[in-house]
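Here is a short report on cores, strands, salt bridges and surface. Please read it with the structure open.

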Amino acid sequence: MQMPQKIVVQNPIVELDGDEMTRIIWKKIREELILPYLQVDLKYFDLGLEYRDQTNDQVTIDAANAILEHSVGIKCATITPDEARVEEFKLKEMWRSPNGTVRALILVRPRDIDPHQIRNILGGTVFREPIVLERIPKPIPGWVNPIVIGRHAFGDQYRATDFVAPGPGKLQLVYTPTDGSAPTTMNVYDFKGKGVAMSMYNTDESITGFAHSSFKMALAKKLPLFMSTKNTILKKYDGRFKDIFQEIYEAKYKAQFDAAGIYYEHRLIDDMVAQVIKSSGGFVWACKNYDGDVQSDILAQGFGSLGMMTSELITPDGRVIESEAAHGTVTRHYREYQKGNETSTNPVASIFAWTRGLLHRAKLDGNDALRSWCQDLESACVEVIDHDGVMTKDLALAIHGKNMKREHWVITDVYMDTVKAKLQEKLTARAKL
């Protein structure tokens, strides 16, 4: 079948390659679903663990800078090494998560920070949204509309200082102003024996960025926004989140929300969880860091599969995006692939990582042809599963459970070939319009 004329993507895309099974799938997506249809300048960075080690992780910093320059990054899943991985790959050191480095540089936007200190800074908002399928049973069947979770990926427990008290003693929290004024000392607890303690923080600047990103996402999706805290207990800490969101909403976004027919509310986290479970979906949920970490996994399972979840890192001004799959490198499947055995790995989230980044490129460039093409590819992925019943093993298991048979699922290559054929049908039909 003759391929249609390639769509010209006017500005570059930054491509971040990854590890293991997702790297294998990523290449097939690029070579068979992207490049045959798009004329695009891909700024390629290899974030595979071996090359990160070879460059002392400089490649990750270079990739993040490139995303800042070109506004769109598309990332394959990568390994965050533990002790076993250090031994397996003979690494120079236990490199930090590439996601943390990229998020830090993109969202904190440091000016004079030593690149080697960048890994200690984590910031930004990561939005995760399920790819909703009709055919796949949902553990929470009432969720018929998407729920978008915005996780504030800065501070709190993830940058906390924790401590094991070896015995009786006084725990104090001390704040020393840089202007030379008197420090503030707070008595936290008098230990009578052994125990544990923790101190954590956040900043007005980061919370403000979180708020702007969340309000912009709600407007883009035309969905109401909820933000949850436990301000009844953490009156000052969580209260600060609540107050900043409300102030920004009233000053910057209320009129836009009213015009769009949507609204914003703050909810207590426990009340919000109860509402989410009994809702039909159809909203954006802004979560603090730990809450977002936990609830995004619950969300994925509630919609039926961890393999059907998008993940987008968006800057507060809405200009820069880094999109990726919300899952890992699928090591278990990679071990089977290395043995020459057939594998059935769900590629949908990785395909959507490409389309969501390209959709942002289309929005920035005013490229309607690219936008329509992305929508056709996403629709093809879903229709092949929902209408044609062609799917990978994870989805077949969700449908059939213990009764699953080999004929219920296909290997990854067969699924992707079917998606390509469906995409071709859509493009041919569009060309006739």
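Contact here means heavy atoms within 4.5 Å. This is a predicted model, in which local features need pLDDT of at least 70, side-chain atom pairs count only at pLDDT 80 or more, and totals for chains, interfaces and linings use all residues. Residues are numbered from 1 along each chain as its sequence is written, and side-chain values use heavy atoms, with hydrogens and water left out.

**Cores**

Leaving aside neighbours within four places in sequence, Y415 is in contact with P347, V348, C381, V384, I385, V390, M391, T392 and V410. A nonpolar core is a set of buried Ala, Val, Leu, Ile, Met, Phe, Trp, Tyr and Cys residues joined through side-chain atoms within 4.5 Å. Buried means under 20% relative accessible area, exposed means over 50%, and partly exposed lies in between (1.4 Å probe, protein chains only). The largest nonpolar core has 73 residues; L38, F215, F257, W373 and Y415 touch the most other members. Helix 12 (residues 368-386) supplies the largest share of this core, 9 residues. Another core lies apart from it, with 15 residues, including W143, I269, F283 and F303. Helices (H or I, at least four residues) and strands (E, at least two) are DSSP runs, numbered from the N terminus.

**Strand 7**

Why is strand 7 largely enclosed by the rest of the structure? In strand 7 (residues 147-152), 6 of the 6 residues are buried, so the rest of the structure largely encloses it. Both faces are covered: I147, I149 and R151 are buried on one side, V148, G150 and H152 on the other. In a regular strand the side chains alternate between the two faces of the sheet.

Two strands pair if DSSP finds at least two bridges between them. Strand 6 (residues 125-130) pairs with strand 7 in the antiparallel sense over 4 bridges. There, V126 stands opposite R151. Strand 14 (residues 283-287) pairs with strand 7 in the parallel sense over 5 bridges. Here I147 stands opposite F283.

**Salt bridges**

A salt bridge is a side-chain nitrogen of Lys or Arg within 4 Å of a carboxyl oxygen of Asp or Glu. The structure holds 33 of them.

| Pair | N to O distance |
|---|---|
| E129 and R356 | 3.7 Å |
| R151 and D293 | 3.9 Å |
| R406 and E342 | 3.2 Å |

E129 lies in strand 6 and R356 in helix 11 (residues 348-365), so this pair ties together parts 227 residues apart in sequence. Both E129 and R356 are buried. R151 in strand 7 and D293 in helix 9 (residues 289-302) are 142 residues apart. R151 is buried, at 16% relative accessible area. D293 is partly exposed, at 26%. R406 is partly exposed at 40%, and E342 is partly exposed at 49%.

Salt bridges that share partners also join E15, D17, R23, R30, E31 and D46 into one network. D17 sits in strand 2 (residues 13-17). Is D17 buried or exposed? D17 counts as buried, at 4% relative accessibility.

**Surface**

Patches are made of residues with over 30% relative accessible area and no salt bridge; like charges are joined within 9 Å, nonpolar side chains (Val, Leu, Ile, Met, Phe, Trp, Tyr) within 5 Å. L173, Y175, M186, V188 and Y189 make a nonpolar surface patch of about 500 Å². Strand 9 (169-175) and strand 10 (184-191) each give two or more residues to this patch. Strand 10 gives the most, with 3 residues. Y175 is in strand 9 and counts as exposed, at 52% relative accessibility.

Key. Accessible areas come from the Shrake-Rupley method with a 1.4 Å probe; for residues, only the protein chains shown count as cover.
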